[in-house]
Amino acid sequence: NVLPLAAGVNSGVLMHSQLWVTPVQQRWASSLPMNTVVLFVPQQEAWIVERMGRFHRILEPGLNFLIPLLDRVRYVQSLKEIVIDVPEQSAVSLDNVTLQIDGVLYLRILDPFKASYGVEDPEYAVTQLAQTTMRSELGKLTLDKVFRERESLNSNIVHSINQASDDWGIRCLRYEIKDIHVPPRVKESMQMQVEAERRKRATVLESEGTRESAINVAEGRKQAQILASEGEKAEQINKAAGEAQAVLAKAEAKAKAIRLLSEALAEQNGNAAASLSVAEQYVSAFSNLAKESNTILLPSNTGDISGMVSQAMTIYGSLAKTSPRTPAGVEETSEDLLSPSGSPPEQRTQ
């Protein structure tokens, strides 16, 4: 169906526009001009000229001259990018789900000669090829992949169309899927799947949070035990060091006391002072008898304090003589220890 819209005259050339109505798309296009001597070709258009029914040449944009009656403009091709709506159609996915899908096709005529003589209606042919290719590509994918891989699906459709339309002089630039409609029941199932997936993610996140919390608590307990053990270790080390220092201090104090005692004994009347100290300790020891135990061992001469003090002083004198100070003193001590009869000095004292 051809509907004339406007007419005009420019430099003896009659041009008028027409609206081409096809089952798949509607677009504006230039109609065939009248055969005159002078023709003005618009920009981004290619006019195919035949001479006596045979292809002669392609008119470039601008001023062109023709021979009337012999030359005739047979085809007018637009070199602009053309947008074609691909009508909605049914397609079955790999998992047997029927989809209603439509799209938009962007193409451009690269070779006006092939577009004029290679196919009768290039745009209609490309539209049908896009529909069949889309059904074929959808049959290779499952429903989930159709939604996830729309970009790769568009790329595959463009590649398939370009392989077939190369002989037509048409280049498919891109293909975009506009809408994908699924059956109501399938849509409900997809909605339930989405909800289940979200619940699963929430459960997983909650379990991961619980696990992280348990790990943090365990790590805290571990660090606390390590710190407690280190503190106990440091305490024991400090306690041992303190005890060692205390033992050393006691030993040094005792050694100092012994030195002072030895110096005091070496002075005048040292034996008398030692006798007094022994007598005091003897009396103190007797005062503590029977306080810690009921069993008491007493010597036979308990009341003879002077005898006990004399015996203690004799033992002290014997020990003092046996500790040599010089090598000469060793022989002197060994001689003094024995009496002329070979008896110990205690016996002589007694």
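Reply:

**Aromatic rings and their contacts**

In this predicted model, Arg174 lies over the face of Tyr106, at 4.2 Å from the ring centre. A second contact between a charge and a ring involves Arg74, whose charged end sits over the ring of Tyr75, 4.8 Å from its centre.

The pairs between rings come next. There are four aromatic pairs by the rule applied here, which requires ring centres within 6.5 Å. One of them joins Phe55 and Tyr117, with 6.1 Å centre to centre and 80 degrees between the planes, an edge-to-face arrangement. Phe55 belongs to strand 8 (residues 54–59) and Tyr117 to helix 1 (residues 112–117), so this pair ties together parts that are 62 residues apart in sequence. Phe55 is partly exposed, at a relative accessible area of 33%, and Tyr117 is likewise partly exposed, at 34%.

Tyr117 also pairs with Tyr75: the ring centres are 5.4 Å apart and the planes stand at 80 degrees, so this pair is edge-to-face. Here too, distant parts of the chain are linked, since Tyr75 is in strand 10 (residues 71–78) and Tyr117 in helix 1, 42 residues apart.

Taken together, ring pairs link Phe55, Tyr75, Phe113 and Tyr117 into a cluster.

Conventions
Residues numbered from 1 in each chain as written. Predicted model: local features only at pLDDT ≥ 70, side-chain atom pairs only at ≥ 80, totals over all residues. Heavy atoms only, no water. Phe/Tyr/Trp six-rings, centres within 6.5 Å; stacked < 30°, edge-to-face > 60°. Helix = DSSP H or I, 4+ residues; strand = E, 2+ residues; numbered from the N terminus. Buried < 20%, exposed > 50% of the residue type's maximum accessible area, 1.4 Å probe, protein only. Lys NZ or Arg CZ within 6 Å of the ring centre and 35° of its normal.
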